[in-house]
Amino acid sequence: MGKNNGFNYSRGLKYKLRIAVSLMSVLPLLVCLYLVSNYVLPQAGIKMDVAFSVIISIFISVIGFIVIKEIFDRVLMVSNDAKLIAAGDITRRISLEKEDEVGELGEALNQLTQRIRLNMDELKNYGEKTTEINLEIQRRVLVLSSLLQISSLISQGAKLEDILKVVVEKSRLLANSEVAFLLYREDKEDSFSMKIVDGANSQRLMGIQIGESGVFNKSIKSNKPLIIDKHNILPAHLIEEFDGKFGLRNALALPIYLRGRVTGILAIGNNKEDFLYNKDDMELLDIFAKQTAIAVENDILVHRVEKLEIKDALTGLYNESYIRNRLQEEIKRAIVYQRPCSFVLMDVDNFKNFHDNFGLLQAESALKKIANLIKDSASEVDRVARFGDNCFAMVLPEKNKRQSQDIAEDIRRKIEFSFGEDSDVNKRLTVSGGVSENPLDGIETGELISKAKDYLELAKKKGKNRILATDKN
């Protein structure tokens, strides 16, 4: 077969077109020349050989038209298939019947379509991978946000209970968990009690108590995670125990280690079949467990500091912890020397309404003013303390109930007068109080405080703005 520049001209489209043109143009021209030379010039009539020549030329011309029609039909078929492919039907394949330029064009289109299909498959795979990556990024961002939220609560000195609730709530977002919970062990206790749970129908877990033996025994002793999934199956008796208590098929639990002792167990779980925890799940839950340990440690330190402090930050008076200890000391001294010792408890009337109406700043300012009035009325041996949000206490050594009631009454009048000059009636604060004495009302700190509270509540019931030292009218 003769070839030129990679094209097969023996059977190619160009070759066929040349034949068609020759058949349709050259032969009719020869016939015309023949007729002119033999009959037009001699001016003779038509003969049989002339008719035969005309028939032959017509036949050859028809063959040329058929060849051209076949070529253009194939070109039209390829063109229609190409249009359908361009419209999006990349599954279509052009059928190839002959090896010529049209066939090569169809083969090229088929190869191009195959590449497009491969590229579409790759794009689909990339799209799925991108979706998975985006979901993973969103999950990690959510976890990071949760960790920052917990850290912020710890740094702000939020209540331990609030911090632990957030820890458990955020832990449930890990590993497709249906439930998360925190088992906690208080100081000097041997067993763990369910402290916080989160998840649908999770309240059934409240009230659970476990010891160090059993399901969590190995985890507690080794300070390593407990994993229950399709690759980590517990012995039959432990599965029965775990399912009976928690009703979970899969679980991941981490001990919270603090000061050489496991103080809690943070766990997540679900009931999915053929579930498997991965390394990321363990690492993230470990971070939450460590933050829990930090929160617990911080709470312990805060309480220790509070016990060491003796002054109230707002008023500058002694705090409740100090005044209780001081009262106990004065009671002991009074008993030894057989001298009186009194305790006074005063509460600001309608202070909540004052706070709600005028805001925190004015409320604090009022408390400072009342604290100063009480402090100025105390002697050098007396001790004055802030005993609550809007409650004040006085320990009065060497004074009996009558003397202490007179002092408290004098303070009440000063407060009433000081706030009574305000044009706004709602700002005219007063106080009510109760007075107890050792040994008439008790010989223990708790007894004197409780009795003073009883008299205070009675003063409130009788109309407020008064001091009572007895339950008699």
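Which element supplies the largest share of the lining of the second largest pocket? The largest share, five residues, comes from α7, in a model that is predicted, with local features needing pLDDT of at least 70, side-chain atom pairs counting only at pLDDT 80 or more, and totals for chains, interfaces and linings using all residues. Residues are numbered from 1 along each chain as its sequence is written, and side-chain values use heavy atoms, with hydrogens and water left out.

The lining of the second largest pocket is made up of 17 residues, with Y184, E186, D187, V296 and I300 nearest the centre. Besides α7 (279-308), both α4 (160-171) and β8 (261-270) supply at least two residues of this lining; helices (H or I, at least four residues) and strands (E, at least two) are DSSP runs, numbered from the N terminus.

Helix α10, spanning residues 401-420, reaches 28 Å from its first C-alpha to its last, close to the 28 Å expected at 1.5 Å a residue, where the expected span is 1.5 Å times one less than the number of residues. Among the buried residues of α10 are K401, Q405, A408, R412 and F419, buried meaning under 20% relative accessible area and exposed over 50%, with partly exposed in between (1.4 Å probe, protein chains only).

Key
On a 1 Å grid over the protein atoms alone, a cavity is a set of points where a 1.4 Å probe fits but cannot get out, and a pocket is an open set with protein on both sides within 12 Å along at least five of seven lines; lining residues have an atom within 4 Å of a point.
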